[in-house]
Amino acid sequence: MTTDYLIRGTAANHTLRVLAVDSTTLVSETQQRHGLGVTATAALGRLMTGAVLFAYTLTKHKESRVTLRIQGDGPIGYLVAEGTAQDNHASARGYAHNPKVDLPLREIDHKIDVGGLIGQGDLSVTRILENAEPYTSTVSLVSGEIAQDLAQYLAESEQIPSAVLLGVYLEGQEVRTAGGVLVQAMPEVSDGDLDILEANVAGLGNLTSALRDSDLQTVVARITEGLDFEPLEDPVPVNFKCRCSRERLLATLGYFSDSERQDMIDSGGQEAVCHWCNTTYQLTSTEIADLQEK
């Protein structure tokens, strides 16, 4: 049973939208599935946490998905995360091009060097709504630290002033806590309430440290202090979930030629690995032959 959850609410008389997620188990499972190095865990963990938060900016729909892709010139190559939002459940999945790559801590502050791992490049955001064509928008990375890049995307592409906080804390190789907060300013928000929000965020400091010292609800209370936070419904459970299946993988073999599928049959079957969740499927020659007949 997952221990992760997402909080939704408003503040400042409904002029601030607040989303916050505890993604500790989600990030830990992702690390184990892909054998991520420490720096890669922090990078992909932040991106997956951000994907969950971004997906819930589309909750007018029954189900919505957001795919975040970062392509940089750093040693990790690219990272991809997909967040799915429903009324009563959230999930995410993700992967990195070079999952085991790692970097030493930054000399200046001895923190995990996510920016150095990613380097310079682009952030692409693809929104997938029910009964609609996917829409993709791309912006240049600001820092490679991900939270600032997501906030810049919201400001540039959607003209929504936002505060985005993301954090992943590891002790050795173990993920101890992970989470994120997204606060969006609505057009009606007052300058005074924005000043309070900015002061609260500055006073909170590093989200990773705040989550180490307290739980997510306390962090949200600190960020919205003096702004009358109002939660919307109960917290939503969050977990790792992949949409892969044996049937989907078999269907992809339809893109191969007859001779290529026959080679798989003659070899006694085919092994297939889902890049999203790293699950291995052994497709039998009989299954492939049935597909060949169809």
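A: Start with a term: a residue is called buried when its relative accessible area is under 20%. One thing to keep in mind is that this is a predicted model.

Q: OK, what share of the residues in the protein is buried?
A: Buried residues make up 51% of the 294 residues.

Q: And how many helices and strands are there?
A: The protein has 10 helices and 13 strands.

Q: What does the C-alpha trace span along its principal axes?
A: The span is about 70 × 45 × 35 Å.

Q: What about contacts between residues at least 6 apart in sequence: what percentage join residues at least 24 apart?
A: That percentage is 64%.

Q: Now the surface. How much of it belongs to carbon and sulfur atoms?
A: The accessible surface comes to about 14100 Å², and 48% of that belongs to carbon and sulfur atoms.

Q: How many positive and negative side chains are there?
A: There are 22 positive and 41 negative side chains. The centres of the two sets lie 4 Å apart.

Q: Is C277 buried or exposed?
A: C277 counts as buried, because its relative accessibility is 3% and the cut-off for buried is under 20%.

Q: Next, helix 4. Which of its residues are buried?
A: Helix 4 runs over residues 147–157, and its buried residues are A147, D149, L150, A151, Y153 and L154.

Q: What covers them?
A: The cover includes helix 2 (38–55) and several strands, among them strand 3 (63–72), strand 6 (121–129) and strand 7 (135–140). Strand 8 (162–171) and strand 9 (174–185) are also part of the cover.

Q: What follows helix 4?
A: Helix 4 is followed by Q159, which has a positive phi near 50°.

Q: And where is I146?
A: I146 lies in the loop between strand 7 and helix 4. I146 is buried, with a relative accessible area of 0%. Its phi is positive, about 80°, although I146 is not a glycine.

Q: What does I146 touch?
A: Leaving out residues up to four places away in sequence, I146 touches A43, R46, L47, I70, V114, I118 and L166.

Q: How far is I146 from I288?
A: They are 142 residues apart in sequence and 42 Å apart in space, C-alpha to C-alpha.

Q: Last one: where is A12, and what is its phi?
A: A12 lies in the loop between strand 1 (4–11) and strand 2 (16–22). Its phi is positive, near 55°, and A12 is a residue other than glycine. At 9% relative accessibility, A12 counts as buried.

Terms used. Residues are numbered from 1 along each chain as its sequence is written. Side-chain values use heavy atoms; hydrogens and water are left out. Buried means under 20% relative accessible area, exposed over 50%, partly exposed in between (1.4 Å probe, protein chains only). Helices (H or I, at least four residues) and strands (E, at least two) are DSSP runs, numbered from the N terminus. Contact means heavy atoms within 4.5 Å. Accessible areas come from the Shrake-Rupley method with a 1.4 Å probe; for residues, only the protein chains shown count as cover. Lys and Arg count as positive and Asp and Glu as negative; His and the chain ends are not counted. The place of a charge is taken as NZ of Lys, CZ of Arg, CG of Asp or CD of Glu.
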